[in-house]
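Biologist: I would like to learn how to read charged contacts and surface patches in a model. Can we work through one together?
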Amino acid sequence: MSVKVELSELGEAMGRHDYAFLVCLGEERPHVLGVRPRLDGDRLLVDRIGATATRLVGEHGGVTLVFPPREAGDRSLLVDGTVAEIRDGELVVTPVGAVLHRPA
């Protein structure tokens with residue numbers, strides 16, 4: 001079950017989570033790594049992503065950030081976005097949609 005998160009409320013929703021998994025399209029399967037994104041205005045900054053993720057997001061442009069819940073029963077936060085820029089191992093992501101999700 002999902003609940004839409006308005007992008008204007010993304011910072012508040014992120015504050016209830018400790019970290020995220022960056023998910024990007026890979027060559028044979030999704031590429032996933034743990035990250036600590038931060039909100040900067042209306043964009044997310046994700047640093048220390050490594051060479052593989054840098055290459056993959058440069059090729060595909062879209063990413064999803066999955067913020068797992070702190071405790072069982074809480075909702076995960078899922079944020080879809082487009083990569084606006086890659087600079088020195090840092091992604092600048094423009095969020096295009098977000099939901100709070102829990103299993104049905």
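Biologist: Is Glu-12 buried or exposed?

Modeller: Some ground rules come before that. This is a predicted model, where local features need pLDDT of at least 70, side-chain atom pairs count only at pLDDT 80 or more, and totals for chains, interfaces and linings use all residues. Residues are numbered from 1 along each chain as its sequence is written, and side-chain values use heavy atoms, leaving out hydrogens and water. Now the classes: buried means under 20% relative accessible area, exposed over 50%, partly exposed in between (1.4 Å probe, protein chains only). Glu-12 has a relative accessible area of 57%, so Glu-12 is exposed.

Biologist: Which residue forms a salt bridge with Glu-12?

Modeller: The general idea: a side-chain nitrogen of Lys or Arg lies within 4 Å of a carboxyl oxygen of Asp or Glu. Here the partner is Arg-16, with the closest N and O atoms 3.6 Å apart. Arg-16 is partly exposed, at 42% relative accessibility.

Biologist: How many salt bridges does the structure hold?

Modeller: Eight. One of them joins Arg-38 to Glu-90, with the closest N and O atoms 3.0 Å apart. Arg-38 lies in strand S4 (residues 38–40) and Glu-90 in strand S8 (residues 90–101), so this pair ties together parts that are 52 residues apart in sequence. Strands (E, at least two residues) and helices (H or I, at least four) are DSSP runs, numbered from the N terminus.

Biologist: Is Glu-90 buried or exposed?

Modeller: Buried, with a relative accessible area of 12%. Arg-38 is partly exposed at 38%. Both residues belong to a network of salt bridges that also links Asp-47, Glu-85 and Arg-87.

Biologist: What separates Glu-59 and Arg-55 in helix H2?

Modeller: About one helical turn, because they are four residues apart in helix H2 (residues 50–60). Glu-59 is partly exposed at 47%, and Arg-55 is partly exposed at 36%.

Biologist: Which residues form a nonpolar patch on the surface?

Modeller: Patches take residues with over 30% relative accessible area and no salt bridge; like charges are joined within 9 Å, nonpolar side chains (Val, Leu, Ile, Met, Phe, Trp, Tyr) within 5 Å. Here they are Tyr-19, Phe-21 and Val-32, with about 250 Å² of accessible area together. Areas come from the Shrake-Rupley method with a 1.4 Å probe; for residues, only the protein chains shown count as cover.

Biologist: Where is Tyr-19 placed?

Modeller: In the loop between helix H1 (10–14) and strand S2 (20–24). Tyr-19 is partly exposed, at 34% relative accessibility.
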